[in-house]
Amino acid sequence: MDDHGPPNSLSRRDAARVFHPYAAAARVDLDGPMVIARGEGIYIYDEDGKDYIESLAVLGAVSLGFGNKRLAAAAARQIETLSFYHTFQTKTNPPVVALAERLLAIAPPPMAKVFFTSSGSEANDTAIKLIWFYNNALGRPAKKKILSRHGAYHGVTIATASLNGLPANHRGFDLPLPGFLHADCPHHYRLGRESESEAAFAARMADELEQLILREGPETIAAMFFEPVMGAGGMIFPPADYCRRVEAILRQYDILLVDDEVICGFGRTGRMWGAETYGLRPDIVTIGKALSSGYMPIAGLMVSDALHDVVRRHVETLGVWGHGYTYSGHPVAAAVANETLAIYAETDILAHVRRIAPVLQAGIARFADHPHIADVGGVGLMASFELVSDKRTRKPFDAGLAVGPHLRANALRHGLIVRAIGDRIGFTPPLVIDEAGIAEMFRRFARALADTTDWLSQSR
Ligand SMILES: Cc1ncc(COP(=O)(O)O)c(C=O)c1O
């Protein structure tokens, strides 16, 4: 018998009718979904009023925390002024113009244009179409294959799920599509050879990428999609020098670099862009999530002048760039994004992140002595580690034990939302978190960890 409330509870009504993303339907039926009723600052509250710290800022989106009154007012003002209009053909609206200007003013390398979407998946999907269009315009119809990496996450449309290097996005969906290639994941802890230094590992990864390109034929490869820090694949931080080496190879073979900043953008890594933290000069930058602090579904891509110019000339011969979403440049979403970027600038969010990041990193580092915690690391307000059975041999836990999900469930009981990707645990708290918030987050986490360690010792 399940225990998720009386027949008319929200949880039961949901389980009966809502088709949940990323869920095991049977699990939803059994446990009933957790009803999140409201949020304030770094806290969310369930329908019984119990509080939880959102240590991943709702999938990395809610950078300014919950209940920001300025963002609410910006949305309300825009709904009253112009609730919706499209930006097809020659239509535009004031918030979208202002947002494009703001974004281009802070783009990592200079960019020429911004295309708006509602989600990161649509942004990356648009980038793939744009790149194919670009190579057709240049008369290189064979240069279409797209590279990404095992462990990558770029979305869930048919094409972006093909970019992903995660089996769950492929199994049962007849994916990946042909022409999507996956290089190795730069995870030194798991894939480094015995006594291989990070630098040697980075060089080997770059070398293997080059071999893959040469095997396939550089004339057939159009672009590589690249998250500066791999998020959904386990929050994996690239070894020093890896990004620079990869970019050099891409340049050598005339392969475009698409920098997916959907997670890393807007200060998460301590600079405005992951590309700045890791020294990348992309041709296309995709953005989302923290663009509106998650308050409105808005995302997009910024495109270099060189690329846009080729596309523009090809459009002239074809008559139209036959791509666009009803909600590309939605004025309400754009108004909220403008206000979000204004708050980042006025509050100097980057300075705050740089000041508070060492507190997060020191907090997580304190768990490095734990007998089952390894590969502790991070950058800016991103930090992760791996739960392992044996630290000396790096032996993972038996997957059937589901140690990570167990820890996540214990954290929930102690009022903490944490991310468990298998046995990798990650923290990406709202950017506005302060010292007290971080201390409380790790207090709650320590309790969940203690429960998990007890359970582990009992189950042995
Ligand atoms: C790096 C990255 N790119 C793209 C996406 C897809 O964004 P969305 O879920 O808004 O479609 C995500 C989502 O988590 C992401 O982490």
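1. Salt bridges number 19 in this predicted model, a salt bridge being a side-chain nitrogen of Lys or Arg within 4 Å of a carboxyl oxygen of Asp or Glu. One of them joins Asp254 to Arg140, with 2.6 Å between the closest N and O atoms. The two residues are 114 residues apart and belong to distant parts of the chain: Asp254 sits in the loop between helix H10 (242-252) and strand S8 (256-260), and Arg140 in the loop between helix H6 (120-137) and strand S5 (145-149). Helices (H or I, at least four residues) and strands (E, at least two) are DSSP runs, numbered from the N terminus.

2. As to the basis of these values, the model is predicted, and local features need pLDDT of at least 70, side-chain atom pairs count only at pLDDT 80 or more, and totals for chains, interfaces and linings use all residues. Residues are numbered from 1 along each chain as its sequence is written, and side-chain values use heavy atoms, with hydrogens and water left out.

3. The domain assignment, which is automatic or taken from a database, gives domain 1 (34-67 + 349-458) and domain 2 (70-346). Their C-alpha centres lie 27 Å apart. Contact (heavy atoms within 4.5 Å) involves 38 residues of domain 1 and 32 residues of domain 2.

4. The area buried between domain 1 and domain 2 is about 2,700 Å², and carbon and sulfur atoms give 60% of it. Buried area is the accessible area (1.4 Å probe) that two parts lose on being put together, summed over both. Within domain 1, Leu64, Met382 and Arg394 lose the most area to domain 2, together 23% of what that side buries.

5. Across the interface of domain 1 and domain 2 there is one salt bridge and there are 18 residue pairs in polar contact, both residues at pLDDT 80 or more. A polar contact is a pair of N or O atoms within 3.5 Å; within protein, one must be able to donate a hydrogen and the other to accept it, and residues adjacent in sequence count only if both atoms are side-chain atoms.

6. A backbone N or O atom of Gly120 is 2.9 Å from a ligand oxygen atom. A polar side-chain atom of Asp260 lies 2.7 Å from a nitrogen atom of the ligand, and an N or O atom in the side chain of Lys289 lies 2.8 Å from an oxygen atom of the ligand.
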